[in-house]
Each structure stands twice: as C-alpha cells, then as structure tokens.
Amino acid sequence: MTEPTAPVPAATPTEDAVRAGVVSGFSALYGYEPDGLWSAPGRVNLIGEHTDYNEGFVFPFAIDRRTVLALALRQDRRIRISSAFSDTVIETTVDDVRPETLSGWSAYPLGVAWALGNVESFSNADEGAGVDDRLGADLDTVPGFDVFLDSTVPIGAGLSSSAAIESAMALALNDVWELGLDRQTLAKVGQLAENQAVGAPTGIMDQSASLLGRRDAAVFLDCRSLDAEVIDLGFAEAGLALLIIDTNVSHSHATGGYAERRASCEEGAAVMGVPSLRYLEIDDLPRAEERMSETTFRRVRHIVTENQRVLDTVRTLRLEGPGAIGPLLDASHVSMRDDFEISVPELDLAVETAQANGAIGARMTGGGFGGAAIALVPSATVPALETAILAAFAGAGFATPTMFVVNAADGAKRESLD
Ligand code: GLA
C-alpha cells in the first residue's frame with residue numbers, strides 16, 4: 001500500500017465551522033466546557049451491496065461529511081443529549097438506557113451507550129477469551145455524560161448519517177469510559193445499536209467504513225472474518241470524481257424491503273445447507289437454481305455474483321487503476337435492479353443518464369428502495385452530467401435530485417478542541 005500522493009486539501013471552512021459550532025453549542029446549552037470533541041464520517045459504498053449480512057465482501061469508503069460530537073463525563077449517572085438539528089434536550093440515566101426505552105434520533109447515540117455494555121468483543125473472542133471475561137463497559141458503574149452534536153452527512157441519502165453518529169459516539173465513550181476496544185469491535189457496537197435500539201436489521205458495513213476509512217482510500221472488508229484492508233483509490237490522480245446523485249426518494253431499513261431481502265438470503269442459505277451465502281461460489285448457482293423458487297434464486301444470484309464483483313473490483317483497481325472498474329459498477333446495478341429488485345425508477349434513471357453522459361460506471365448505492373446513486377466520472381464532465389441529470393429528472397416528472405462530489409476521508413477520530 002502506498003501513501004496517497006494527491007495534495008492534501010485543507011479542512012474546509014464548513015468543517016471548522018461545524019466543530020466550532022458544536023463546542024459553542026455544548027457550552028451554551030450545558031453552561032460548561034466539553035471534555036473533548038470526536039467526529040466520524042458517513043460512507044458511500046463503491047461496490048458490494050447487501051453482501052455484509054451474508055458474511056460477504058464490501059468495498060465502501062468514508063466520505064468528507066461528518067458527525068461532530070462534544071461530550072463531557074458527569075459525576076453522576078445522568079445523561080443529557082441534544083443536537084443542532086433538534087430543539088429538545090433528551091434526559092435519561094445510564095440505568096434507563098435500554099433498547100425498549102429508546103426512540104427517535106437519540107436511539108442511535110444512546111443505543112451505542114447500551115451496546116457498549118452488551119457487545120461481544122470480536123478480537124477478544126478471537127484470542128479465546130473466556131465467556132466470563134468482561135468486555136466493553138460495565139453499565140452498572142460507568143458515569144453519565146452530556147453530549148451535543150451536529151452533522152454534515154445528509155440524512156436519508158443512503159450515506160449512513162446514522163453510522164456517523166454511532167461511530168462518533170462509540171469512539172467518544174470508548175475513550176472517556178477507558179474501554180480499550182478496537183475499531184472492529186466498535187463497529188460491532190454500532191451495528192448492535194442499530195439492530196437492537198433502532199430496530200433495523202442491517203449489517204456491519206457502514207460502521208466499519210466510518211471507523212476504518214482513510215483519506216483517498218476505500219475499506220475492503222471481509223464481513224465473515226472482519227479482516228479489513230485499506231486500499232488506495234487514486235481517483236484524483238486518474239482525473240476522476242465520484243458524484244453522488246441523491247434522488248431524494250426516502251427509504252427506511254427498519255421496515256419492509258430490506259428485512260425481506262435479508263430473509264430471502266437466509267432462506268437461500270438454509271436450502272443450500274450453508275451457514276451463509278458467502279459459502280456459495282458462482283459454480284454453485286446451477287445447483288441452487290434447481291432447489292429454490294425463482295425469486296429466492298435471483299436474490300441468491302445477486303449476492304454470489306456481487307461478492308465476485310467486489311473481488312474483481314479490488315483486483316482491477318490494483319492492476320489497472322480506477323479507470324477500469326466502471327463495467328463492474330454497471331453490472332452491480334443491473335444485478336440489484338433485476339435480481340435483487342431494490343432499485344426504483346429514479347435510481348435507474350440516474351444511472352442510465354450518468355452512463356449516457358460520460359460516466360465510466362454508475363450504480364445505486366446503499367440499501368436501496370430510494371436514496372442515492374453514484375457515478376464515477378472524469379472530473380471535468382461533472383457539471384455537464386449534473387445538467388443532464390436535472391433535465392432527465394424534470395422530463396420524467398421526478399423530484400429534483402441533489403448532487404455533490406464526495407472524496408474519501410479519514411475515519412472516526414478525536415478532534416482537537418482548539
Ligand atoms: C444499508 C445497511 C448496510 C448494508 C447496505 C446494503 O446501508 O446499513 O449494512 O446492508 O444497506 O449493502
């Protein structure tokens with residue numbers, strides 16, 4: 001792995017302003033200074049969709065949009081939490097934070113506080129730690145805290161605004177509660193919060209990208225072993241940009257289609273007698289087709305071929321550079337549209353218009369049923385592509401999409417208070 005050679009851009013005024021706003025917001029609300037400031041990014045998935053909960057491969061990157069959070073420990077067990085996007089301060093205690101008591105946006109950060117006391121440490125388990133070994137936080141003894149946060153990750157765009165909150169919170173509490181958990185375990189904490197406190201049966205991709213990401217690089221994650229490799233993308237050197245096309249069609253993974261797809265995958269694995277679809281290869285598909293319904297087979301085929309596309313993307317990126325991965329992105333979209341059936345007309349139009357207007361590859365990204373598409377485009381053609389997409393959406397009578405370029409950014413970190 002080589003160090004990135006592209007010039008390192010200075011922090012944008014927006015990021016500085018958000019950090020300053022969070023510190024002053026905390027002080028104004030609670031009347032004293034925070035102990036520290038932590039931040040974590042949203043993510044975009046380059047390729048590998050719905051493969052995470054099938055123990056497969058994903059290749060997301062952390063983006064230059066972040067949640068920033070100021071936190072101070074308290075002497076007692078109380079918790080207060082507020083944000084720049086809500087008018088209220090939510091008040092509770094460490095004793096009362098349980099999945100059943102949480103709702104609304106605070107279920108994400110407070111779900112993390114609960115999950116830190118209920119997670120099984122991945123790395124400790126690997127080292128053969130006994131089941132009685134205490135992992136994470138002892139929620140019977142830890143002190144409470146005050147939090148104020150803000151975020152530049154757009155909500156509902158499929159860019160994991162929720163994972164950004166969870167990862168910032170997990171890192172902050174890991175520091176101030178002195179838990180010493182590694183980042184893979186913190187990703188599991190975020191996933192546990194999302195699954196139990198929010199009720200969305202999601203995988204581990206988003207939190208992993210948010211915690212393990214690095215500037216100008218993507219995270220190649222094996223969701224079975226949680227082995228992660230950070231791989232340089234080289235978009236800027238190749239004159240490429242990654243454009244997000246947010247359709248503004250809202251989606252939720254706590255309801256409906258996402259859980260249904262997950263159930264089909266589990267059914268497919270059970271029929272084939274394997275623990276997860278990760279254990280199937282392309283060669284197994286003819287056998288699978290004979291054994292299950294046509295619909296379940298198509299769900300299975302998406303996962304099995306998508307895993308292969310992730311491996312092919314990583315190999316192609318290494319051998320030929322980012323300019324050669326476009327066809328794999330295109331094929332991923334077709335598979336999600338036709339086999340997994342998680343696209344919507346707005347996403348298909350975004351992808352087709354991008355492909356017809358200079359993108360070297362395009363696909364919907366994230367859980368589907370709305371959200372965003374990505375297009376890998378020569379940087380110089382971004383404005384023309386945006387114009388073409390606006391025209392296509394207007395022509396189809398769809399709501400106006402929101403478009404912006406994202407860069408691969410560093411994962412969650414403690415920020416300086418100055
Ligand atoms: C959502 C989930 C992830 C993953 C993607 C689909 O973003 O949070 O865990 O399953 O959908 O790849």
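## Aromatic pairs

A search of the whole structure, which is a predicted model, finds nine aromatic pairs, a pair being two rings of Phe, Tyr or Trp (its six-membered ring) with centres within 6.5 Å. Phe 393 is buried at a relative accessible area of 0%, while Phe 398 is partly exposed at 24%; buried means under 20%, exposed over 50% and partly exposed in between, computed with a 1.4 Å probe and protein chains only.

Elsewhere, Phe 26, Tyr 30 and Tyr 32 form one aromatic cluster.

## Cysteines

The structure holds zero disulfides, a disulfide being a pair of cysteine sulfur atoms within 2.5 Å. Cys 223 takes part in none, and the nearest cysteine sulfur to it, that of Cys 265, is 13 Å away.

## Ligand surroundings

Among the 13 residues around the ligand, those that come nearest are Glu 49, His 50, Asp 52, Asp 206 and Tyr 258, where a residue is near if one of its heavy atoms lies within 4 Å. By class, this shell has three nonpolar, six polar and four charged residues; Ala, Val, Leu, Ile, Met, Phe, Trp, Tyr, Cys and Pro count as nonpolar, Asp, Glu, Lys and Arg as charged, and the others, Gly among them, as polar. At least three residues of the shell come from each of domain 1 (15–233) and domain 2 (240–406), with bounds taken from an automatic or database domain assignment.

A side-chain N or O atom of Asp 52 lies 2.5 Å from an oxygen atom of the ligand. For Asp 206, a polar side-chain atom is 2.5 Å from a ligand oxygen, and for Tyr 258 the distance from a polar side-chain atom to an oxygen atom of the ligand is 2.5 Å. The protein covers 98% of the 300 Å² of accessible area that the ligand has on its own, by the Shrake-Rupley method with a 1.4 Å probe.

## Basis of the values

Residues are numbered from 1 along each chain as its sequence is written, and side-chain values use heavy atoms, leaving out hydrogens and water. In this predicted model, local features need pLDDT of at least 70 and side-chain atom pairs count only at pLDDT 80 or more, whereas totals for chains, interfaces and linings use all residues.

How values were computed. Polar contact = N/O pair within 3.5 Å; in protein donor to acceptor, adjacent residues only side chain to side chain. Phe/Tyr/Trp six-rings, centres within 6.5 Å; stacked < 30°, edge-to-face > 60°.
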